[in-house]
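The sequence and the structure are shown first.

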Amino acid sequence: MRPDLLAWQFEHYSLNHADRANLALHAVTVPLFILGLPLFVLALAGGCFGLAGVGLVLTLLALAAQGRGHRLEQHAPAPFRSRGDMLARLVAEQFVTFPRFVLTGGFARAWRAASQQDV
């Protein structure tokens, strides 16, 4: 895992999240991931396998939709270095980087910039 993962990810985030459709997908799917992954882990730990399945499906659907959304971007995200890098980056993006992007105004700026490109 990168020692500076959160700083590195946030520094490049707006470059890889500039397409309006991808931004909209992230706005819907990041909350699904944030709900789905803890639901999966907690339900699995509690032996509620049906509920764990729901959490896993939400998590995987969110990631699949985001992967499709990233294909719309002019700049693709950096390739994953390993499975560990992939897991760390995906979890960091969902729980830290995207919420930070929204709360610091990056999402709103990217949304406005994308609408200006559509004109």
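Which helices each supply at least two residues of the lining of the largest pocket? In this predicted model, the helices that do so are helix 1 (5-13), helix 3 and helix 4 (83-103).

## The largest pocket

The volume of the largest pocket is about 430 Å³. Its lining is made up of 20 residues. Nearest the centre of the pocket lie His70, Pro77, Phe80, Arg89 and Glu93. Helix 3 provides the largest share of the lining, with six residues.

By class, nine of the lining residues are nonpolar, seven are polar and four are charged.

## Packing of helix 2 against helix 3

The axes of helix 2 and helix 3 are 7 Å apart, and the two helices pack at an angle of about 155°. Helix 2 is therefore roughly antiparallel to helix 3, since an angle over 145 degrees falls in that class. The crossing in which helix 2 passes helix 3 is left-handed.

What classes of residue make up the contact of helix 2 with helix 3? The contact has 19 nonpolar and nine polar residues, and no charged residues.

Helix 4 takes part in a crossing with helix 2 (residues 20-45), where the axes come within 10 Å and the angle is roughly 130°. Because of this angle, helix 2 is oblique to helix 4. The handedness of this crossing is left-handed.

Helix 1 also crosses helix 4: their axes come within 10 Å, at roughly 60°. This angle makes helix 1 oblique to helix 4 as well. The crossing of helix 1 and helix 4 is right-handed, whereas that of helix 2 and helix 4 is left-handed.

Helix 3 spans residues 49-70 and includes Ala64. Is Ala64 buried, exposed or partly exposed? Ala64 has a relative accessibility of 45% and so counts as partly exposed, the limits of that class being 20% and 50%. Between the C-alpha atoms of Ala64 and Thr29 the separation is 9.4 Å, although these residues are 35 residues apart along the chain.

Leu56 is also found in helix 3. The relative accessible area of Leu56 is 35%, so this residue is partly exposed. Leu56 and Ala45 are eleven residues apart along the chain, and their C-alpha atoms are separated by 13 Å.

## Gly106 in helix 5

Helix 5 covers residues 106-118, and Gly106 lies in it. Why does Gly106 count as buried? The reason is its relative accessibility of 7%, as residues under 20% are placed in the buried class.

How far apart are the C-alpha atoms of Gly106 and Ala27? They are separated by 13 Å, while the two residues are 79 residues apart along the chain.

Definitions and conventions
Residues numbered from 1 in each chain as written. Predicted model: local features only at pLDDT ≥ 70, side-chain atom pairs only at ≥ 80, totals over all residues. Heavy atoms only, no water. Helix = DSSP H or I, 4+ residues; strand = E, 2+ residues; numbered from the N terminus. Buried < 20%, exposed > 50% of the residue type's maximum accessible area, 1.4 Å probe, protein only. 1 Å grid on protein atoms, 1.4 Å probe; cavity = no way out; pocket = protein on both sides within 12 Å on 5 of 7 lines; lining within 4 Å. Points joined across faces, edges and corners; volume = space filled by probe spheres on them. Nonpolar A, V, L, I, M, F, W, Y, C, P; charged D, E, K, R; others polar. Axes fitted to C-alpha atoms, helices over the stretch in contact; angles between N-to-C directions. Parallel < 35°, antiparallel > 145°, perpendicular 65-115°, else oblique. Left-handed = near helix turned anticlockwise from the far one by under 90°.
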